[in-house]
Amino acid sequence: MSDLPLSDLDAFTAIARERSFRAAARKRGVSASSLSDSLRRLEERLGVRLLNRTTRSVTPTAAGERLLARLEPALGEVAAALGALDNFRDRPAGTLRLNVPTVAARLFLPDIACRFLKLYPEIELEIVAEDTFIDVLAAGFDAGIRYDERIERDMIAVPIGPSRQRYVTAASPAYLQERGMPQHPRDLLEHSCIRHRFLSGIGLTWEFERGGETFAISPSGALTSNSIEIELAAAVAGLGIISSFQELLEPGLTSGQLVAILDDWVEFSGPYLYYASRRHMPAPLRAFVDFLKLERQRALLG
């Protein structure tokens, strides 16, 4: 069994992770039929069924689950070791896969990604923007972007993007005229608030900090959504109070459709790129981390 092709093992791992031939094929940039052929060869060589396949689902068998648990870290080490060879090239090359929140993809990552790719044209950057808090390594990503309260403690974190950001709470002038201006975060419990819920089902807690005092609430209201566009429209229409990144509310604040409230409770630390400690960091990830550190140094020097 020592001569099993790594490509077939990698194909099995991709299908088992995604629970789908098509999804795995999209991520690998190959056809679903080629993955199916790889899996068939592997099962024939091993003499064991690894995946149960129906028209509706793909799930690992007990043998498949055991093999997947052992293969994922081993294949990760192989990929990292091969990636380390890029350090001997004149310029790093390979693929860098990032999992990021949609707000990062919207507000600050485009500029960073474009400047990085111009500096390292041999690197292929794949960015998946989503708001589900997943295990990025188990999902096949090299790194992710999160805010510090969402970062697993055994990860290495490097600042990326703005060092400080502002979360603004706002409402329409008509709403405030009718319901009054909140003076403290606790007052929001008496108001109709427009809430954000991630696709994972996690509702966003509203957190406030001022002069060492912190306050967190889970507000109630008539609307909950995972779409900032719908939330903004509801706030402008006077249906309640919204709380989100300043950059997303800025057009409404500038036009006067929204009025900021509790404006001295809004600043918090910026996002981080996080990744696992590895003996052999892939060259594209190492290049990206070094790029971010150099960007931070230049920003500090002005």
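Reader: How many helices and strands are there in the protein chain?

Author: Welcome! This is a predicted model, and its protein chain holds 10 helices and 15 strands.

Reader: What makes helices H1 and H3 roughly perpendicular to each other?

Author: Their angle decides. The axes of H1 (residues 6-18) and H3 (residues 32-46) cross at roughly 115 degrees and come within 8 Å. Angles of 65 to 115 degrees count as roughly perpendicular, and therefore H1 and H3 get that name. Their crossing is also left-handed.

Reader: Which residues of H1 and H3 meet?

Author: On the H1 side they are Asp8, Leu9, Ala11, Phe12 and Ile15, and on the H3 side Leu35, Ser38, Leu39, Arg41 and Leu42. Seven residues of this contact are nonpolar, one is polar and two are charged.

Reader: Now to a sheet. In what order do the strands of the five-stranded open sheet stand?

Author: The order is S4-S3-S5-S15-S6, with mixed pairing.

Reader: Why do S4 and S6 stand at the edges?

Author: Look at their partners: S4 (123-129) and S6 (155-159) each have a single partner strand, so one side of each is left without a neighbour in the sheet. Neighbouring strands here are turned by 25 degrees against each other on average, direction ignored.

Reader: How do you know that S3 and S5 pair?

Author: Count the bridges. Pairing needs at least two bridges, and two bridges join S3 (residues 94-100) to S5 (residues 143-146), which run parallel. For example, Leu98 has Ala143 in S5 as its bridge partner.

Reader: Which helix lies across S3, S4 and S5?

Author: That is H6 (residues 109-119), which runs at about 165 degrees to S4.

Reader: What joins S9 and S10 as a pair?

Author: Five bridges do, between S9 (residues 206-210) and S10 (residues 213-217), and the pairing is antiparallel. Phe208 stands opposite Phe215 in S10. The two strands form a hairpin with two residues between them, and Gly211 in the turn has a positive phi of about 55 degrees.

Reader: What share of the residues of the protein chain count as buried?

Author: Of the 302 residues, 41% do; the cut-off for that word is under 20% relative accessible area.

Reader: And what share of the contacts between residues at least 6 apart in sequence join residues at least 24 apart?

Author: In the protein chain, 75% of those contacts do.

Terms used: Residues numbered from 1 in each chain as written. Predicted model: local features only at pLDDT ≥ 70, side-chain atom pairs only at ≥ 80, totals over all residues. Heavy atoms only, no water. Axes fitted to C-alpha atoms, helices over the stretch in contact; angles between N-to-C directions. Helix = DSSP H or I, 4+ residues; strand = E, 2+ residues; numbered from the N terminus. Parallel < 35°, antiparallel > 145°, perpendicular 65-115°, else oblique. Left-handed = near helix turned anticlockwise from the far one by under 90°. Contact = heavy atoms within 4.5 Å. Nonpolar A, V, L, I, M, F, W, Y, C, P; charged D, E, K, R; others polar. Buried < 20%, exposed > 50% of the residue type's maximum accessible area, 1.4 Å probe, protein only.
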